[in-house]
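Here is a short briefing on one protein model. Please keep the structure in view while reading.

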Amino acid sequence: MTPTRTTPRPADPAAPNTPAQASLYQQLRAHLDVLKLNDAAEHLPAVLDAAAAENLSVTAALERLLAIEVDATAARRLAGRLRFACLPTPATLEDFDYDAGSGVDRHLIEDLATGRYLESATNILMIGPPGVGKTHLAVGLARKAAESGYRTYVTTAADLAARCHRAAIEGRWATTMRFYAGPTCLVIDELGYLPLPAEGASALFQVIATRYTKSSTILTTNRPITSWGEVLGDTTVAAALLDRLLHRSVVLDIGGDSYRLRDHHARTHALRAAANHV
Ligand code: ADP
Ligand code: MG
């Protein structure tokens with residue numbers, strides 16, 4: 001009678017089957033824990049299984065394990081940048097409708113979407129009446145910047161002024177200026193909707209002046225630059241601010257019908273048409 005094999009093969013080909021292998025495995029887990037490579041640690045058994053099943057080389061198995069950690073780290077950093085950015089709407093450049101009649105140049109936006117303007121600290125000024133998509137485009141560009149790895153922050157002119165006002169009172173002016181100097185891409189939305197107090201105008205000027213030639217600012221406004229003296233309550237401050245803002249800049253003059261109104265008109269029209277058919 002032929003003796004049957006008594007050593008059972010482990011069900012899991014990668015499972016450590018000797019005490020020495022088990023201890024090696026535990027050491028490897030411990031290394032990953034010490035290095036805080038949590039995603040690699042979590043996927044270690046699966047990667048070892050795959051390595052055994054697919055007969056992977058040591059290099060290939062290590063690459064697969066570390067790629068998991070690299071991907072998870074990139075996703076965490078992106079989520080962090082998006083959280084920090086405080087994007088006020090889910091708007092993306094992909095869902096911007098270039099045929100809506102606001103005269104926005106698709107090629108220009110596509111070029112800006114590459115983020116090249118950020119490398120040369122070029123500013124973007126968007127001027128146009130309410131509802132034409134200024135905030136949409138600014139938020140879309142901010143999202144792209146954050147996705148491309150740039151530190152990004154979105155605020156409004158009114159919020160910036162209010163925050164600087166509080167900072168001045170609480171003795172945090174320098175810290176706050178450093179905060180606004182930090183992002184590679186800073187969006188300041190809605191200049192001109194609310195009158196800025198003199199102190200707010202000077203805070204805005206300081207932020208723009210601090211960022212001048214170093215990082216890009218995207219500013220949106222419903223007021224033509226000829227009336228910025230009025231908006232900022234001081235023509236000298238307005239001229240100095242424009243000087244820095246426009247020094248290296250792309251100006252988008254966005255016109256056309258308000259998208260909000262257009263939508264509203266279309267809806268009203270549809271409702272009227274429907275009512276007439278009753
Ligand atoms: P603005 O900042 O110029 O006042 P918004 O960007 O807030 O205008 O646009 C108003 C609304 O209309 C938003 O919901 C925006 O997403 C939408 N919108 C405006 N223009 C477009 C467009 N060309 N394509 C898609 N949505 C648009
Ligand atoms: Mg807006």
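The protein has twelve helices and five strands, taken as DSSP runs numbered from the N terminus (helices are H or I of at least four residues, strands E of at least two). This is a predicted model, in which local features need pLDDT of at least 70, side-chain atom pairs count only at pLDDT 80 or more, and totals for chains, interfaces and linings use all residues. Residues are numbered from 1 along each chain as its sequence is written, chains are lettered from A and ligands numbered from 1 in the order in which they are written, and side-chain values use heavy atoms, with hydrogens and water left out.

**Overall**

- Of the 278 residues, 36% count as buried. Buried means under 20% relative accessible area, exposed over 50%, and partly exposed in between (1.4 Å probe, protein chains only).
- Contact means heavy atoms within 4.5 Å. Among contacts between residues at least 6 apart in sequence, 77% join residues at least 24 apart.

**Helices α9 and α11**

- Two packed helices are described by the angle between their axes and the distance between the axes.
- The axes of α9 (residues 198-211) and α11 (residues 235-247) come within 9 Å and cross at roughly 25°. That makes α9 roughly parallel to α11.
- Axes are lines fitted to C-alpha atoms, for helices over the stretch in contact, and angles run from 0 to 180 degrees between N-to-C directions. Angles under 35 degrees count as roughly parallel, over 145 as roughly antiparallel, 65 to 115 as roughly perpendicular and the rest as oblique.
- From α9, the contact uses Ala201, Leu204, Phe205, Ile208 and Ala209. From α11, it uses Val237, Ala240, Leu241, Arg244 and Leu245.
- By class, this contact has nine nonpolar, no polar and one charged residues. Ala, Val, Leu, Ile, Met, Phe, Trp, Tyr, Cys and Pro count as nonpolar, Asp, Glu, Lys and Arg as charged, and the others, Gly among them, as polar.

**Leu241**

- Leu241 sits in helix α11. Leu241 is buried, at 0% relative accessible area.
- Leaving aside neighbours within four places in sequence, Leu241 is in contact with Leu204, Phe205, Ile208, Trp228 and Leu232.
- Tyr212 is 29 residues from Leu241 along the chain, and their C-alpha atoms are separated by 9.8 Å.

**Salt bridges**

- A search of the whole structure finds nine salt bridges. Each is a side-chain nitrogen of Lys or Arg within 4 Å of a carboxyl oxygen of Asp or Glu.
- Glu54 pairs with Arg64 at 3.0 Å, N to O. Glu54 lies in the loop between α2 (38-53) and α3 (58-85) and Arg64 in helix α3, so the pair ties together parts ten residues apart in sequence.
- Both partners are partly exposed: Glu54 at 45% and Arg64 at 31%.
- Arg223 and Glu230 meet at 2.9 Å, N to O. Arg223 is partly exposed at 22%, whereas Glu230 is exposed at 63%.
- Asp39, Glu69 and Arg76 are joined into one network by salt bridges that share partners.
- Arg244 bridges to Asp243 at 3.8 Å, N to O. Arg244 is partly exposed, at 25%.

**Positive phi**

- Most residues other than glycine have a negative phi.
- Lys36 has a positive phi of about 60° although it is not a glycine. Lys36 lies in the loop between α1 (19-34) and α2, and is exposed at 62%.
- Thr213 also has a positive phi, near 65°. Thr213 lies in the loop between α9 and β4 (216-221), and is partly exposed at 46%.
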